[in-house]
Structure formats: structure tokens, C-alpha cells
Amino acid sequence: MVELKTDTSIDAMYEAGQVVGRALTAVQEAADVGVSLLELDEVARGVLREAGASSPFLGYRPSFASTPFPAVICASVNDAIVHGIPTGYRLRDGDLVSIDCGAQLGGWAGDSAISFTVGRPRAADVRLIETGERALAAGIGAAVVGNRIGDIAHAIGTVCRDGGYGIMDDFGGHGIGRRMHEDPPVPNEGRPGRGLALRHGMVLAIEPMLIAGGTDEYHTAPDGWTLKTNDGSRAAHTEHTVAVTDAGPRVLTARRATSPQGVR
């Protein structure tokens, strides 16, 4: 069942979303050659703690996972697409990093992700990230009253496929509210004019995931969480929490710019 949020609830979700935005900004600013993924997780924990927020990621265990998630961020590096567990791995020059983070504040959730490079960027990585940003912007632009879920999916998928990138079939965006994952699912590829009609008060986490090699195949790493490309090519993940309103889409997790490679 899809819950329509009141304007007051959307304002409250904006506050949760701003915590997520601050956490992602702090993590990107801390990310540098030699910094470990566990250290980045600690940065995000500090932002959540200062805001009085909790993490919907920490301890989360969906049906596909064999163990609860042990961190407050997903840290996916190079050929990891999503759900990377922070470890002692220390970032290297040229790494492509995707960070996903959530916050629970005042009973409401926010969820967002960013991809960026560390050190000297590869031109192919910059193009991949920029295409992910454009796909996210296209999806947000389609999140208007009167459109359908398929319009969002088609907008995202068109940008990704036109760029020559692969898309995971089984993972995409989702509704969000009191819980991090709610109905409806929001695929990253689909047919326009199909699916659930968008109405004022729907709040969606829109999140393109791109595979640089152009194939759609992926596998789960031995940790039971990290999803990695089968061909070893790099991946990017971007996401915003977006409210569908009569005045147009409202991005609840918008954050200030930090670098040319980061999603705003």
C-alpha cells in the first residue's frame, strides 16, 4: 500500500533528508587516498549523532541478506555497484566510490547516494558519474503529478542506455516514509505511461545504478551484501529522496556542491 504524506510530513522528511545530505557531504570531503572505508563510516556516524538521528541501515536485514548490515553507510568501490560493507580497505588514487546513506529523524526516513572519484579521476569514470547524475535528474524531472512510475523508469533507463551502460534488473528505487523501504518500487528502466499514477504526497527514493561495461549481469560478493559487476567494470550509484507535489518534484536530500564529480 502506498502512503500519501501530508505537507507537514514532507517538511519533516526534509529535515531527515538534510541530515543525510550533511553526512554525504562530510564523507566526500573526508575521502582521500589512504583513508579507510571504516573511517568514512565513522564520519557519517558523527553527523547522525550530532543531529540526534539514527541509521536505518545499521542492523537492517532484508530477506536476501544472511546477516544484518553492520554500518551506517554503504561504501561501494570500483566494481561494487551497491551495498558495499565498509571495511579497513584504504582508498587508492583513482578509485571510484559510491556512498549510500540514510537517516531516521522524528520518525521519518531519508535516503540518498553519491558517487565520486578519489585522487586523479579517469575520464571514463567522470563520464559514468555524470551520466548517473543526468539519469537521476531525468528521473526527478518525471516525478510529477499525472505521470506514472513507468515515466520515471523510462526517463532513467533512456539516459543510461543511451550512454551505453548496463542496469541491474532486480534493484532500483522505492517508496520511503516512516520506513526506509516502502511501496511502490521504482525501477530504473520501464515503459512510459505504465504503472502507478503519481499523486501529491508520494515520496520516492529515485536511484539510478549504472554498470560501465554495458552488461546487466552482477553477482553477490562472499560478504552476502555487496553487489558487484560480473565483467569487473566499474559502477556508479546516485540517489535522492523526492516528494511528488502539485508544485513539482521536491528534492528532500539536496546538498551543497563539494566537487565536480559529486552528485548535488
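Okay, let's start with Arg234: this residue is buried, at 12% relative accessible area. By buried I mean under 20% relative accessible area, with exposed being over 50% and partly exposed in between, using a 1.4 Å probe and protein chains only.

Quick housekeeping. This is a predicted model, so local features need pLDDT of at least 70 and side-chain atom pairs count only at pLDDT 80 or more, while totals for chains, interfaces and linings use all residues. Residues are numbered from 1 along each chain as its sequence is written, and side-chain values use heavy atoms, with hydrogens and water left out.

So what does Arg234 pair with in a salt bridge? Asp125, with the closest N and O atoms 2.6 Å apart. A salt bridge here is a side-chain nitrogen of Lys or Arg within 4 Å of a carboxyl oxygen of Asp or Glu. Asp125 sits in helix α3 and Arg234 in the loop between β11 and β12, so this pair ties together parts 109 residues apart in sequence. Helices (H or I, at least four residues) and strands (E, at least two) are DSSP runs, numbered from the N terminus. Asp125 is buried too, at 4%.

Over the whole structure, the search turns up eleven salt bridges. One of them joins Glu182 and Lys5, at 3.0 Å from N to O. Glu182 is in strand β7 and Lys5 in the segment before α1, so parts 177 residues apart get tied together. Glu182 is buried at 10%, and Lys5 is buried at 5%. Glu3 joins Lys5 and Glu182 in a salt-bridge network.
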